[in-house]
Amino acid sequence: MYVGTLSFDLLLGDVHSLKEKRSVVRPIVAELQRKFSVSAAEVGDQDLHRRAEIGVALVTGDTSYLSDVLDRCERLVAARPEVELLSVRRRIHGDDD
């Protein structure tokens, strides 16, 4: 069994309130969940209106599938024009960890 996680640090564009932030972050989280069947949520910077941290997790038995899905998740978030991807942290945990 392998668990892969991604943590995205995002800078949001023209956002002036937490309500506007939710209208940007929620569709990204929903698209990640829908397209890739991963667990995704806003996991940090909830009190800052121009920053967001989104976490993604996937459990599988195949490391190549895990890497492929995490790569596609990263490309999806990086391609969103309304956010700037500041950093991505990737971790893969196996049975030996």
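# Exercises on helix 2 and its surroundings

Helix 2, residues 63-78, has 16 residues and reaches 22 Å from its first C-alpha to its last, close to the 22 Å expected at 1.5 Å a residue. The model used in these exercises is predicted.

**Exercise 1.** Find which residues of helix 2 are buried, and state where they lie around the helix axis.

Solution.
- Step 1. A residue counts as buried when its relative accessible area is under 20%. In helix 2, this holds for L66, V69, L70, C73, L76 and V77.
- Step 2. Looking down the axis of helix 2, the buried residues fall within an arc of 120°, so they line one face of the helix.
- Step 3. The cover over these buried residues includes helix 1 (18-36), as well as strand 1 (2-12), strand 3 (51-60) and strand 4 (83-93).

**Exercise 2.** Describe how strand 1 pairs with strand 3 and with strand 4.

Solution.
- Step 1. Take strand 3: strand 1 pairs with strand 3 in the antiparallel sense, over 10 bridges. One of the residues to check is Y2, whose bridge partner in strand 3 is T60.
- Step 2. Take strand 4: strand 1 and strand 4 run antiparallel and are joined by 10 bridges. Here F8 has V88 of strand 4 as its bridge partner.

**Exercise 3.** Describe the packing of helix 1 and helix 2.

Solution.
- Step 1. Two packed helices are described by the angle between their axes and the distance between the axes.
- Step 2. For helix 1 and helix 2, the angle is about 150° and the axes are 11 Å apart.
- Step 3. The crossing of helix 1 and helix 2 is right-handed.
- Step 4. On the side of helix 1, I28, E31, L32, K35 and F36 meet V69, R72, C73, L76 and V77 of helix 2. Among these residues of helix 2, V69, C73, L76 and V77 are buried.

**Exercise 4.** Decide whether the loop residues R80 and H16 are buried or exposed, and name what lies around each.

Solution.
- Step 1. R80 sits in the loop between helix 2 and strand 4. Its relative accessibility is 17%, so R80 counts as buried.
- Step 2. Apart from neighbours within four places in sequence, R80 is in contact with P27, I28 and E31. I28 and E31 belong to helix 1 and also meet residues of helix 2.
- Step 3. H16 is in the loop between strand 1 and helix 1. Exposed means over 50%; H16 has 58% relative accessibility and therefore counts as exposed.
- Step 4. H16 and H49 are 33 residues apart along the chain, and 6.5 Å separates their C-alpha atoms.

Key:
Residues numbered from 1 in each chain as written. Predicted model: local features only at pLDDT ≥ 70, side-chain atom pairs only at ≥ 80, totals over all residues. Heavy atoms only, no water. Helix = DSSP H or I, 4+ residues; strand = E, 2+ residues; numbered from the N terminus. Expected span 1.5 Å × (residues − 1). Buried < 20%, exposed > 50% of the residue type's maximum accessible area, 1.4 Å probe, protein only. Arc of directions from axis to C-beta. Contact = heavy atoms within 4.5 Å. Pairing = 2+ DSSP bridges. Axes fitted to C-alpha atoms, helices over the stretch in contact; angles between N-to-C directions. Left-handed = near helix turned anticlockwise from the far one by under 90°.
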